[in-house]
Amino acid sequence: MSIQVESQPSLERLEQLGVLNWPIWEKEVSEFPWTYDESETCYLLAGDVIVTPEVGEPVQFGKGDLVTFAAGLSCRWKIRADVRKHYRFGK
């Protein structure tokens with residue numbers, strides 16, 4: 001699957017990944033297309049999002065979710081509540 005959501009991962013898991021050391025990205029309520037040149041893993045500190053792949057079903061996630069997007073994914077982001085997330089590109 002091109003979008004994987006891990007709901008409410010443990011603090012141990014987040015520490016294992018080093019999430020708190022990743023940069024932070026913020027975005028207000030909006031809608032926009034996006035294509036991932038490389039994979040991205042992100043952890044939402046705030047927000048409510050629906051991402052709809054060009055091929056496949058919409059995926060909803062929000063605060064407390066760890067989300068991985070596959071390289072090559074083309075999709076449309078619909079941010080329903082302002083997003084604040086840690087993120088990391090690549091493996």
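## Stop one: a ring on the inside

Start by selecting F69, which counts as buried because its relative accessibility is 0%. Keep in mind as you click around that this is a predicted model.

Next, bring in Y36. This residue is buried too, with a relative accessible area of 2%. How far apart are the ring centres of Y36 and F69? They are 4.8 Å apart, and with the planes at 5 degrees the pair is stacked. Trace the chain between the two and you'll see that the pair links distant parts of it: Y36 sits in the loop between β3 (30–35) and β4, while F69 is in strand β6, 33 residues apart.

## Stop two: the ring cluster

Select W25, F32, W34, Y36, F61, F69 and W77 together: ring pairs link them into a cluster. The count of aromatic pairs comes to eight.

The charged end of K27 sits over the ring of F32, 5.7 Å from the ring's centre.

Then centre on W77 and look at what it touches. Setting aside neighbours within four places in sequence, its contacts include W25, F32, W34, Y36, F61 and F69. W77 is also in contact with S30, E31 and K85, among others.

## Stop three: the cores

In soluble globular proteins, nonpolar side chains tend to be buried together. Here, the largest nonpolar core has 16 residues. To find it, select I3, V49, V51, F61, V67, F69 and W77, the ones with the most contacts inside this core. Colour the strands next: β4 (40–53), β5 (59–62), β6 (65–69) and β7 (74–89) each supply at least two residues of the core.

There is a second, separate core of five residues, and V19, W22, Y43 and L66 are among them.

## Last stop: a glycine in a strand

Finish on G47, which lies in strand β4. Is G47 buried or exposed? G47 counts as buried, because its relative accessibility is 17% and the cut-off for buried is under 20%. Leaving out neighbours within four places in sequence, you'll find G47 in contact with G62, K63, A81, D82 and V83.

Conventions. Residues are numbered from 1 along each chain as its sequence is written. This is a predicted model: local features need pLDDT of at least 70, side-chain atom pairs count only at pLDDT 80 or more; totals for chains, interfaces and linings use all residues. Side-chain values use heavy atoms; hydrogens and water are left out. A nonpolar core is a set of buried Ala, Val, Leu, Ile, Met, Phe, Trp, Tyr and Cys residues joined through side-chain atoms within 4.5 Å. Buried means under 20% relative accessible area, exposed over 50%, partly exposed in between (1.4 Å probe, protein chains only). Helices (H or I, at least four residues) and strands (E, at least two) are DSSP runs, numbered from the N terminus. Contact means heavy atoms within 4.5 Å. Rings of Phe, Tyr and Trp (its six-membered ring) pair if their centres lie within 6.5 Å; planes under 30 degrees apart count as stacked, over 60 as edge-to-face and the rest as tilted. A charge sits over a ring if NZ of Lys or CZ of Arg is within 6 Å of the ring centre and within 35 degrees of the ring normal.
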